[in-house]
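Colleague: I would like to go through this model and hear the grounds for each term you use.

Modeller: Go ahead.

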Amino acid sequence: MKLVNSGKARAHTNIALIKYWGKADETYIIPMNNSLSVTLERFYTETKVTFDPEYTEDVLVLNGETIEGKESVKISRYMDIVRAQADTTMYARIESENYVPTAAGLASSASAYAALAAACDKALNLGLSGKALSRLARRGSGSASRSIYGGFVEWEKGHDDVSSYSFPIEADRWEDDLAMIFVVINNKSKKVSSRAGMSLTRDTSRFYKYWLDHVDEDITAVKHAIKQKDFKQMGEVIEANGLRMHATNLGAQPPFTYMVDDSYLAMNVVHQCREAGYPCYFTMDAGPNVKILVEKKNQQAVLDALHQSFSEDQIIASDITRTGVEIIE
Ligand code: DP6
């Protein structure tokens, strides 16, 4: 009888409240700074991986479609890292489904590599700890190291492969009171990937040192706010942190920005909600979408305000999940 070397895992995506922006080491994906995220209930990836000594190459099937070219080469390189760690030469078939509302442009390498790392761990019987899984996911995409855990998660930058990993932050279930609203914004301009954007900024931005010098105090302030369940304090810090990250891009050579007119429109709605007595705070990543952190009790008011400026299909709300990566098969 042939041994079944397969495993299937589910991982949720995460959004950074304190951003990871820039690598100290590109090969091992060691970041320049610590970051801190929340894990989202609504968006996740399920990945099944099957290793077989008879396979002659890695095959990637994404949402039922076999993927070739750049993306499959990237996955194959990642599988080489897994094979080296597991001391095997077997190729794999990787079948992955992204549970992200269609056309939202929210597909995330974070949930993808977290699910893949956990599926490989199961398939090859590696018995990795959470810390080791986080390190393995990190090799595929930095933010994936945080998707191993639910709730609030901090990625400790460390200084090498062993010391750079994420861990959960105890929040006494405060997550259950919070939600994140996504405002999906169409972008017609050429996309600058997070990988390219952070690399250019680290290398050339006049504002990058200022960014780095202030990240640690933001992390400390957010952790303090989590302890106190102080939403206002947390919101003010995370909104400023996100804007400061985006400011580094304006100082890059050449300068660039991810913000478009509708991003500013969404930010203005957030300001108006605050003025109307509904505290909420925005953050943005390597694209024009705006993500709004809100207490669930005020979620409907913020949704109503957004609906005045954006269409139904541009607005998606998600709970924060306390569930980390799970083996499902
Ligand atoms: C702006 O994790 O996608 O979303 O490590 O190169 O794969 P790589 O980058 P990635 O970068 C995420 C950047 C960000 C901020 C964050 O998630 O912390």
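Colleague: What makes the pair S163 and D160 a polar contact?

Modeller: The model is a predicted one, and in it the side chains of S163 and D160 are joined at 2.7 Å. A polar contact needs N or O atoms within 3.5 Å, one able to donate a hydrogen and the other to accept it, so the pair qualifies. The side chain of S163 also reaches the backbone nitrogen of H159, at 2.8 Å.

Colleague: Where does S163 lie, and why is S163 called buried?

Modeller: S163 is in the loop between β8 and β9 (165-169). Its relative accessibility is 17%, and buried means under 20%, so S163 counts as buried. Beyond four places in sequence, S163 is in contact with E156, K157 and G158.

Colleague: Which polar contacts does the side chain of D285 make?

Modeller: One is with the side chain of K19, at 2.7 Å. Another joins D285 to the side chain of K291, at 2.8 Å. D285 itself sits in the loop between β11 (280-284) and β12 (290-295). With residues up to four places away in sequence set aside, D285 touches I15, K19, H246, Y258 and K291.

Colleague: Why is α2 described as largely enclosed?

Modeller: Because 12 of its 15 residues are buried. Among them are A110, S111, Y113, L116, C120 and D121. The elements covering the buried residues include β1, β4, α1 (70-86), β7 (91-99), α3 (130-138) and β14 (326-327).

Colleague: Why does Y113 count as buried?

Modeller: Y113 is in helix α2, and its relative accessibility is 4%. Leaving out neighbours within four places in sequence, Y113 is in contact with K74, I75, Y78, A137, G140, S141 and A144.

Colleague: Which residues come nearest to the ligand?

Modeller: Of the 16 residues around the ligand, Y20, K23, S141, S143 and R195 come nearest. An N or O atom in the side chain of S141 is 2.6 Å from a ligand oxygen. For S143, a polar side-chain atom lies 2.7 Å from an oxygen atom of the ligand. G142 has a polar backbone atom 2.7 Å from a ligand oxygen.

Colleague: Which members of the largest nonpolar core touch the most other members?

Modeller: L17, L36, F152, I226 and M234, in a core of 43 residues. β1 (5-18), β4 (35-52), β8 (152-156), β10 (178-183), α5 (208-228) and α6 each supply at least two residues of this core. The most come from α5, with eight residues. At least three residues of this core come from each of domain 1 (5-173) and domain 2 (179-319). With neighbours within four places in sequence left aside, I226 is in contact with L36, F152, I169, E170, A171, W174 and M234. A second, separate core has 33 residues, including V82, A118, L133 and L136.

Colleague: How many residues of domain 1 are in contact with domain 2?

Modeller: 37 residues of domain 1 are in contact with 40 residues of domain 2. The centres of the two domains, taken over C-alpha atoms, are separated by 24 Å.

Conventions:
Residues numbered from 1 in each chain as written. Predicted model: local features only at pLDDT ≥ 70, side-chain atom pairs only at ≥ 80, totals over all residues. Heavy atoms only, no water. Core = buried A, V, L, I, M, F, W, Y, C linked by side-chain atoms within 4.5 Å. Buried < 20%, exposed > 50% of the residue type's maximum accessible area, 1.4 Å probe, protein only. Helix = DSSP H or I, 4+ residues; strand = E, 2+ residues; numbered from the N terminus. Domains from an automatic or database assignment. Contact = heavy atoms within 4.5 Å. Near = heavy atom within 4 Å.
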